[in-house]
Amino acid sequence: MASNSGDEFDPAAVSRRVTEIWDDVLDVRPGRGGATFFELQGQSISAVRIVARISDELGIEVDMGSLFEDPDVDTFVREVVATAESAS
């Protein structure tokens, strides 16, 4: 999925996987999809886990500080995809 794996970049696949990581780490319950990082009780350890999993699983390096700007998942996904596109 990511540029360092040699595969063609697929924004839709990256979006899906980042959303899955977000939902897993932040334990997002049904009906909370639009909640922001802090509304979902995101803390520094959550940010570290999200960024590390994106790096490990997708090979995309994301600035952890972006999570402390309190994005919702859609905003964060757009940022991750834009980062990946600029790196490819």
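Asp 70 is partly exposed, as its relative accessible area is 28%. In this predicted model, Asp 70 belongs to the loop between α2 and α3. The backbone of Asp 70 is worth a look as well: its phi is near 65 degrees, a positive value in a residue other than glycine. As background, most residues other than glycine have a negative phi. Asp 27 can be read alongside it, with a phi near 50 degrees, again positive in a residue other than glycine. Asp 27 sits in the loop between α1 and α2, and its relative accessibility of 43% means that it counts as partly exposed.

The chain has a mean pLDDT of 91, with 92% of its residues at 70 or more. For residues 1-5 the pLDDT is below 50, and this stretch makes 15 contacts in the model beyond near neighbours in sequence. Among the elements of the chain, the highest mean pLDDT, 98, belongs to helix α2 (residues 44-58), while helix α3 (residues 73-87) has the lowest, 95.

Setting aside residues up to four places away in sequence, Thr 36 touches Trp 22, Asp 70, Pro 71 and Asp 72. Glu 39 is also located in the loop between α1 and α2, but with a relative accessibility of 44% it counts as partly exposed. Once neighbours within four places in sequence are left aside, the contacts of Glu 39 are Arg 32, Gly 34 and Asp 70. For a sense of distance, Glu 39 and Ser 15 are separated by 24 residues in sequence and by 21 Å in space, C-alpha to C-alpha.

Attention now turns to the helix pair that this loop joins. The axes of α1 and α2 come within 10 Å of each other and cross at roughly 145 degrees, and the crossing is right-handed. On the α1 side, the residues that meet α2 are Val 14, Arg 17, Val 18, Ile 21, Trp 22, Asp 24, Val 25 and Leu 26. Their partners in α2 are Ser 46, Arg 49, Ile 50, Arg 53, Ile 54, Glu 57 and Leu 58.

Val 73, Phe 76, Val 77, Val 80, Val 81 and Ala 84 are the buried residues of α3. These residues lie on the same side of α3, because they cover an arc of only 135 degrees around the axis. They pack against α1 (11-26) and α2. On the face of α3 turned away from this buried side are the exposed residues Arg 78 and Ser 86.

Terms used:
Residues are numbered from 1 along each chain as its sequence is written. This is a predicted model: local features need pLDDT of at least 70, side-chain atom pairs count only at pLDDT 80 or more; totals for chains, interfaces and linings use all residues. Side-chain values use heavy atoms; hydrogens and water are left out. pLDDT is the predictor's confidence in each residue, from 0 to 100. Helices (H or I, at least four residues) and strands (E, at least two) are DSSP runs, numbered from the N terminus. Contact means heavy atoms within 4.5 Å. Buried means under 20% relative accessible area, exposed over 50%, partly exposed in between (1.4 Å probe, protein chains only). The arc is that of the directions from the helix axis to the C-beta atoms. Axes are lines fitted to C-alpha atoms, for helices over the stretch in contact, and angles run from 0 to 180 degrees between N-to-C directions. A crossing is left-handed if the near helix is turned anticlockwise from the far one by less than a right angle, and right-handed if clockwise.
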